[in-house]
Amino acid sequence: MKRLIPTLRADACEESLISVLNTVQTAAKEIAFRLHQGAMAGVLGSTLDENIQGETQKKLDVVANQLLKDLLLECQYVHAVASEEEDSIVVGDQRGEYLIAFDPLDGSSNIDINGLVGTIFSVLPRPAGIEGEEMFLQPGKNQVAAGYVLYGPSTMLVLTTGQSVRMYTLDQTVGEFLLTKPEVKIPHQTQEFAINMSNKRHWSTAMHEYISDLLAGKEGPREKNFNMRWIAAMVGDVHRVLSRGGLFTYPWDKRKPNKPFKLRLLYEANPMAMLVEKADGLATDGYDPIMTIQPTDIHQRVGVVLGSKEEVESCMAYHANHPKPF
Ligand code: F6P
Ligand code: MN
């Protein structure tokens, strides 16, 4: 089986981009190791504690952030990083040609239950003549690469550099990501959806109607039964969608009027949208393609409806029948 770097070279990827992706995989291997150590590595827990020496015992999402940030900023091709765990961007090499946005440990509430978590990343070109956070405010269609690492029963890297979407599995015996699925394609139809049902009373009328019709099953207007799954880590739910199809949504809701969306555009929605669309699926906010949204803030949130093409289109049809709530 082929290793990660030779497959990127075979795609005629720029050496600078290969170096950035190599750095991400190095950080991911270290994060995977710490996760597998679990409680023995002393990195679990949801509070910041002090050990007997007065040192801070860090939560794993903080450790993952530090590892990615330190390694990426050492890479000469990285100009700056933006992370879920950092208020502002962090600038590295002045000559760097790439910007990396990442969620170091997506689904981190799963850490304490030994559930699925992952690292999501987006690689953008550094725009000319712009400095500071504004550099990152590019629509997702500008991404030159996107991917995630899923820390599950096996550690997997799922990656696109603009061509096909590939899945690699970490072979612990040689410490390398090996190509295990060369071309991911999402089936256009599905009978599986993923949504946090506990928010039902806060959804828009369109989402209410859409999910009600799915739940009505064979006897309802869709005339087929649907199954539901919810991993509570976007990385896990999107991995299922890429593996066997499905619809995943974290939609607009009216719980907190000043925070109507949950997922972040730059380092969650955009990289997942690139993977899903390169695998023949659709990624929208219910109305428009996610990758056409012009960001205004590095931590901006967005509604997400992604997955099997025909199912996402069905969901969008319900939305088109009602006034947009945002
Ligand atoms: O990063 C946000 C996130 O953890 C996603 O990974 C996941 O899809 C979602 O939040 C889970 O949200 P909830 O806790 O509402 O189920
Ligand atoms: Mn996340």
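**Exercise 1. The second largest cavity**

Task: State the volume of the second largest cavity, and determine which residues line the second largest cavity.

Solution. In this predicted model, the second largest cavity has a volume of about 50 Å³. Its lining is made up of Leu8, Asp11, Leu159, Thr160, Thr161, Ser164, Arg166 and Tyr168. Sorted by class, these are three nonpolar, three polar and two charged residues. The next step is to assign the lining to strands: S8 and S9 each supply at least two of its residues. Strand S8 covers residues 155-160 and strand S9 covers residues 165-171; the two run antiparallel and are joined by five bridges. Within this pair, Leu159 stands opposite Arg166 in S9. Both Leu159 and Arg166 also belong to the lining of the cavity.

**Exercise 2. The sheet and the helices packed on it**

Task: Give the order of the strands in the open sheet of eight strands, and identify its edge strands.

Solution. The order is S4-S3-S5-S6-S7-S8-S9-S10, and the pairing is mixed. Strand S4 (90-91) and strand S10 (176-181) each pair on one side only, and they are the edge strands. Helix H2 packs on this sheet and touches strand S3 (78-83), S5, strand S6 (117-125), strand S7 (145-151), S8, S9 and S10. The direction of H2 makes about 15° with that of S7. Helix H3 (residues 60-74) packs on the sheet as well, where it touches S3, S4, S5 and S6. The direction of H3 makes about 160° with that of S5.

**Exercise 3. The largest cavity**

Task: State how many cavities of 30 Å³ or more the structure holds, and describe the largest cavity.

Solution. There are three cavities of 30 Å³ or more. The largest cavity contains about 80 Å³ of space. Its lining comprises 13 residues, and those closest to its centre are Pro251, Trp252, Asp285, Tyr287 and His319. By class, the lining of the largest cavity has eight nonpolar, four polar and one charged.

**Exercise 4. The two domains and the largest pocket**

Task: Determine which domains the domain assignment gives, and which of them contribute at least three residues to the lining of the largest pocket.

Solution. The assignment divides the protein chain into domain 1 (4-181) and domain 2 (192-320). Their centres, taken over C-alpha atoms, are separated by 24 Å. The contact between them takes 43 residues from domain 1 and 30 residues from domain 2.

Strand S5 (98-106), helix H5 (234-244), strand S13 (247-250) and strand S14 (263-264) each supply at least two. The largest share, three residues, comes from S5. The classes of the lining are eight nonpolar, four polar and ten charged.

**Exercise 5. The second largest pocket**

Task: Identify the helix that gives the most to the lining of the second largest pocket, and classify the residues of that lining.

Solution. The second largest pocket holds about 280 Å³ of space. Of its 15 lining residues, Leu35, His36, Asn114, Gly115 and Tyr151 lie nearest the centre. Helix H2 (residues 15-37) gives the most, with four residues.

Key: Residues are numbered from 1 along each chain as its sequence is written. Chains are lettered from A and ligands numbered from 1 in the order in which they are written. This is a predicted model: local features need pLDDT of at least 70, side-chain atom pairs count only at pLDDT 80 or more; totals for chains, interfaces and linings use all residues. Side-chain values use heavy atoms; hydrogens and water are left out. Ala, Val, Leu, Ile, Met, Phe, Trp, Tyr, Cys and Pro count as nonpolar, Asp, Glu, Lys and Arg as charged, and the others, Gly among them, as polar. Domain bounds come from an automatic or database domain assignment. On a 1 Å grid over the protein atoms alone, a cavity is a set of points where a 1.4 Å probe fits but cannot get out, and a pocket is an open set with protein on both sides within 12 Å along at least five of seven lines; lining residues have an atom within 4 Å of a point. Grid points are joined across faces, edges and corners, and a volume is the space filled by probe spheres set on the points. Two strands pair if DSSP finds at least two bridges between them. Contact means heavy atoms within 4.5 Å. Axes are lines fitted to C-alpha atoms, for helices over the stretch in contact, and angles run from 0 to 180 degrees between N-to-C directions.
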